[in-house]
Amino acid sequence: MPGGEPSVPVKRDVKRDKGDAVGAFLDKARAVPAVATGAARRGRLLFCMDATASREPSWDRAARIQGEMFVAAEALGGLDVRLAFYRGFDDFKASKWTSNGVELARLMSRVSCLAGNTQIGRVFAFAAEETRRQKLDALVFVGDCFEESLDAVGALAGQLGFLGVPAFLFQEGDNAVAAHAFAQFARLTNGQHCRFDASSPDALRRLLGAVAAYAAGGAQAMADYAALHRITTLRLTRAGP
């Protein structure tokens, strides 16, 4: 975050191989700017999802597991989340802010997926608009493909990075075009790109928990969460060099 506190070093007693996934996660966690801390501070996280037809098999699973974000953040001051999603030709919607995992799951259960193209540019533009009103600590995006202009969306990601909002892009599957684009956007926002397997919902649960810990408590909280939950089987792609 521009003008914010420097990232707190990860504890030295965390044993890890620099070549494994945990090492990549912890190294990247150190590089993400720290969230300002203070008494009774609540994290603010924008949770955006692709609700086009290809995501329909995974949507219900995501609705059930997102509660981990609130659980991970509770001991660190709590978390306020706003859900946003796109679908169809030009449909982009956002919910009210909530601090309740059950309420967020209810909101997600009312969404039906609809065929259409990706609108990740609108996600970044909306996040920038939101943080200008009141600072966001992080953006989470969950999707499986990318069908827009890389340069145009990259410019919007760069603006979000300038505002100090890291984007954590969680990619379902292994679409090569999406992987390339998401890695670029993560780098432009000083965030992180990570792939997960939809057949292993626990992977996404832990990823969401790690970012919630970051939003509520900063880079050290995120690194501690990753170490505690042994995030070793996830394929993490570092955003930076």
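## Helix α6

Helix α6, spanning residues 150–162, contains 13 residues, and the distance from its first C-alpha to its last is 18 Å, close to the 18 Å expected at 1.5 Å a residue. Helices (H or I, at least four residues) and strands (E, at least two) are taken as DSSP runs and numbered from the N terminus, and the expected span of a helix is 1.5 Å times one less than its number of residues. The model is predicted: local features need pLDDT of at least 70, side-chain atom pairs count only at pLDDT 80 or more, and totals for chains, interfaces and linings use all residues. Residues are numbered from 1 along each chain as its sequence is written, and side-chain values use heavy atoms, with hydrogens and water left out.

Val153, Gly154, Ala157 and Leu160 are the buried residues of α6. Seen down the axis of α6, these buried residues fall within an arc of 110°, so they line one face of the helix. Buried denotes under 20% relative accessible area, exposed over 50%, and partly exposed the range in between (1.4 Å probe, protein chains only); the arc is that of the directions from the helix axis to the C-beta atoms. The cover over the buried residues of α6 includes α5 (120–133), β4 (138–143) and α7 (176–189), where contact means heavy atoms within 4.5 Å. On the face of α6 turned away from its buried side lie the exposed residues Asp151 and Phe162. Just after α6, Gly164 adopts a positive phi of about 80°.

## The chain as a whole

The secondary structure of the chain amounts to nine helices and seven strands. Of the 241 residues in the chain, 54% are buried. Among contacts between residues at least 6 apart in sequence, 80% join residues at least 24 apart. The accessible surface of the chain comes to about 10,600 Å², and 53% of this surface belongs to carbon and sulfur atoms. Accessible areas come from the Shrake-Rupley method with a 1.4 Å probe; for residues, only the protein chains shown count as cover.

The structure contains zero disulfides, a disulfide being a pair of cysteine sulfur atoms within 2.5 Å. Cys145 is buried, with a relative accessible area of 15%. Cys194 is also buried, and its relative accessible area is 1%.

## Strand β2 and its partners

Strand β2 is mostly covered, with nine of its nine residues buried. Both faces of β2 are covered: Leu79, Val81, Leu83, Phe85 and Arg87 are buried on one side, and Asp80, Arg82, Ala84 and Tyr86 are buried on the other. Strand β1 (residues 43–50) runs parallel to β2, and eight bridges join the two; strands are said to pair if DSSP finds at least two bridges between them. Within this pairing, Met49 has Phe85 of β2 as its bridge partner.

Strands β2 and β3 run antiparallel and are joined by four bridges. Phe85 stands opposite Lys93 in β3. In the hairpin of β2 and β3, three residues lie between the strands, and Gly88 takes a positive phi near 60°.

## Phe89 in the β2–β3 loop

Phe89 lies in the loop between β2 (79–87) and β3 (91–94). Phe89 is exposed, with a relative accessible area of 83%. Not counting residues up to four places away in sequence, Phe89 touches Ala115 and Gln119. The C-alpha atoms of Phe89 and Leu114 are separated by 8.8 Å, although these residues are 25 apart along the chain.

Strand β5 (residues 167–172) pairs with β6 in the parallel sense over five bridges. Gln171 stands opposite Arg195 in β6. Strand β6 is mostly covered, four of its five residues being buried.

Asn190 is located in the loop between α7 and β6 (192–196). Asn190 has a positive phi of about 60° although it is not a glycine. The residue is partly exposed, Asn190 having a relative accessible area of 27%.

## Helix α9

In helix α9 (residues 219–228), seven of the 10 residues are buried, so the helix is largely enclosed by the rest of the structure. The buried residues of α9 are Ala219, Gln220, Ala221, Met222, Ala223, Tyr225 and Ala226.
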